[in-house]
Amino acid sequence: MIEIQNLTKEYGRIKAIDNISFNVDKGEILGFLGPNGAGKTTTMNIITGFISSTSGVVKVAGFDILEDPVEVKKHIGYLPEQPPLYPDMTVNEYLDFCADLKKIPSKKWKSEKKDIMELVKVTHVSHRLIKNLSKGYKQRVGFAQALVGSPEVLILDEPTVGLDPKQIMEIRNLIKALGKKHTIILSSHILPEVSAVCDRVVIINRGKIAAIDTPDNLSKALTDFSRFTITIEGPENKVKNIISNINGVKNLKTSAQIRDNEYSYIIEADKNADVRKPLFYQLAQQGFPILELRSLNLSLEEVFLQLTTNEEKEAV
Amino acid sequence: MLAIIRRDFRSYFKSPIAYVLIGLYMLLLGLFFNSYLGLGISDIISEFVASMSSMLILIIPILTMRTLAEDKKNGTEVLLLTSPVRVTEIVMGKFFACFCVFLVMTAATLIFPLIVIIVGKPDIMMIISSYLGYILIGAVYISLGVFASSLTENQIIASIITLVFMFLIQNIGYLAGFFSGFLNKVFLWISIFDRYMDFNKGIIDLTSIVFMISYTAVFTILTVRIIERKRWSQG
């Protein structure tokens with residue numbers, strides 16, 4: 001559906017994007033992951049035709065963005081990081097304008113508008129001026145704008161930034177639902193978000209692709225141990241002694257003292273050995289109850305640290 | 001293009017800007033009209049329309065400053081440029097929206113010639129020719145204002161650029177006085193204001209009409225170039 005080959009964008013001597021290539025298949029949700037300034041927005045701006053690349057090819061639905069920009073734009077709905085809203089319009093007027101701009105036949109638009117507004121839940125604010133809406137509602141209106149004309153490809157630049165947790169959940173579910181019909185590229189700097197929603201992830205750093213894979217494979221490949229945080233009631237020394245004698249535990253440190261006689265620890269264990277059961281039995285035997293046990297996700301920062309340090313090692 | 005014209009035109013009348021501009025314009029024109037009442041019936045219209053066009057230097061910068069600058073500031077530029085619309089259509093949409101507001105303002109001023117027609121027998125062709133010239137020069141100024149608005153996201157700066165350019169354009173003919181021979185002819189030829197004065201004297205010349213429209217087209221094309229260039233920018 002989307003083909004990107006050797007895409008480069010230079011600003012003076014700085015390469016905002018450096019020779020990146022990837023494909024997105026029809027119906028796929030692709031996550032675009034990277035820290036601020038990595039080149040996510042630049043790439044998205046090029047795919048949508050907002051800015052032009054220095055070199056490289058972008059094709060959407062078989063059309064080249066440089067040769068057939070209007071055709072490409074017909075196939076794309078874009079939600080930029082800052083939703084492109086006119087504050088002096090009501091939600092209704094604004095969506096009508098978007099449909100007008102995208103040349104949607106007015107008969108078809110009437111029913112489509114109703115569906116879109118219900119989907120992103122803005123029906124009850126449809127008569128209000130956009131400038132009076134909260135950040136979350138503005139984001140939804142921006143989302144509605146991208147859905148106008150039901151484009152095959154949706155490009156969403158950090159769609160959940162600045163929303164409250166409930167709204168984030170809603171937007172994520174919405175994206176998942178939309179992924180059944182649309183091809184989606186979604187950018188984010190939050191790893192759990194991407195792993196919750198996306199089929200495949202592109203990690204981009206300083207304009208270059210650091211990795212492309214499924215979210216599961218990425219976190220597995222990057223760690224050869226699993227990590228837990230565990231809170232146990234009992235004297236620190238004794239507990240530590242028990243844990244470190246369990247087969248498979250590689251590293252153990254105390255992370256905090258919660259109360260008198262209650263500590264939490266971070267355990268790094270061999271990935272192939274499940275240490276949770278022996279932990280439970282042995283601690284229970286000694287009369288030190290486990291109050292909390294959960295596995296720690298590898299955060300994006302750590303993934304990055306790992307990826308970049310690996311590269312440096314290879315370079316040496 | 002129609003979508004953009006409709007949206008922008010409505011947006012002028014949703015904010016106080018159109019009403020304030022038209023109100024201010026009519027008030028000042030009323031004062032002018034009053035002071036011209038002593039003139040003969042044949043002179044009053046051309047004098048009056050001439051002062052209308054010199055008033056444009058105050059009105060046009062305020063009218064056009066928001067066109068593209070506001071979209072850049074709101075981020076709606078992204079929406080326009082990623083829609084299946086060509087840049088030329090966007091710029092022309094912006095231009096025609098302003099032009100329509102300008103026409104509404106112009107229509108409001110027709111009350112003054114109407115008064116003259118009621119009380120006397122002015123030369124109707126003279127009124128038509130003055131108004132034609134006025135509308136054409138208005139189009140040139142608006143295209144200039146849209147161009148200035150494409151250069152910056154600050155509306156105040158856009159309006160000042162428009163003001164300065166309008167002043168320069170109005171005085172090209174004056175500059176011609178400093179030269180003789182060929183240069184003098186060139187300056188007089190490109191002087192938009194001298195051509196405008198022909199209309200004001202009741203002369204409708206096809207060359208001048210084409211000239212004014214070309215001026216408008218040049219600024220519109222320049223605006224398209226500016227936007228395209230920004231998209232291709234490497235720095």
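**View 1. Helix α4 of chain A and the elements that cover its buried residues.** In this predicted model, the cover over the buried residues of α4(A) includes α3 (91-101) and α5 (135-147) of chain A, as judged by contacts, that is, C-beta atoms, placed from the backbone, within 7 Å. The helices and strands named here are DSSP runs (H or I, at least four residues, for helices; E, at least two, for strands), numbered from the N terminus. A:Lys113, A:Ile116 and A:Met117 are buried in α4(A); a residue is called buried if 20 or more other C-beta atoms lie within 10 Å of its own, exposed if 12 or fewer, and partly exposed in between, with C-beta atoms placed from the backbone. An α-helix has 3.6 residues a turn, so residues three or four places apart point the same way.

**View 2. Length and kink of α4(A).** Helix α4 (residues 106-119) of chain A has 14 residues, which at 1.5 Å a residue should span 20 Å, and the 20 Å between its end C-alpha atoms agrees; the expected span is 1.5 Å times one less than the number of residues. A kink of about 25° is centred on A:Glu112, the bend being the angle between axes fitted to the seven residues ending at a residue and the seven starting there. Just after the helix, A:Lys121 adopts a positive phi of about 60°.

**View 3. The enclosed helix α1 of chain A.** In α1 (residues 40-47) of chain A, 8 of the 8 residues are buried, so the helix is largely enclosed by the rest of the structure. Among them are A:Lys40, A:Met44 and A:Ile47. A:Gly49, which follows α1(A), has a positive phi near 85°.

View 4. Strands β9 (residues 200-205) and β10 (residues 208-213) of chain A pair in the antiparallel sense over 5 bridges; pairing requires at least two DSSP bridges. A:Val201 has A:Asp213 as its bridge partner in β10(A). The hairpin has 2 residues between the strands, and A:Arg206 takes a positive phi near 50°.

**View 5. The side of chain B that touches chain A.** Here 20 residues of chain B are in contact with 27 residues of chain A. Helices α1 (2-14), α5 (76-81) and α13 (206-232) of chain B each supply at least two residues of this side of chain B.

**Numbering and confidence.** Residues are numbered from 1 along each chain as its sequence is written, while chains are lettered from A and ligands numbered from 1 in the order in which they are written. For this predicted model, local features need pLDDT of at least 70 and side-chain atom pairs count only at pLDDT 80 or more, whereas totals for chains, interfaces and linings use all residues.

Note on methods. Contact = placed C-beta atoms within 7 Å.
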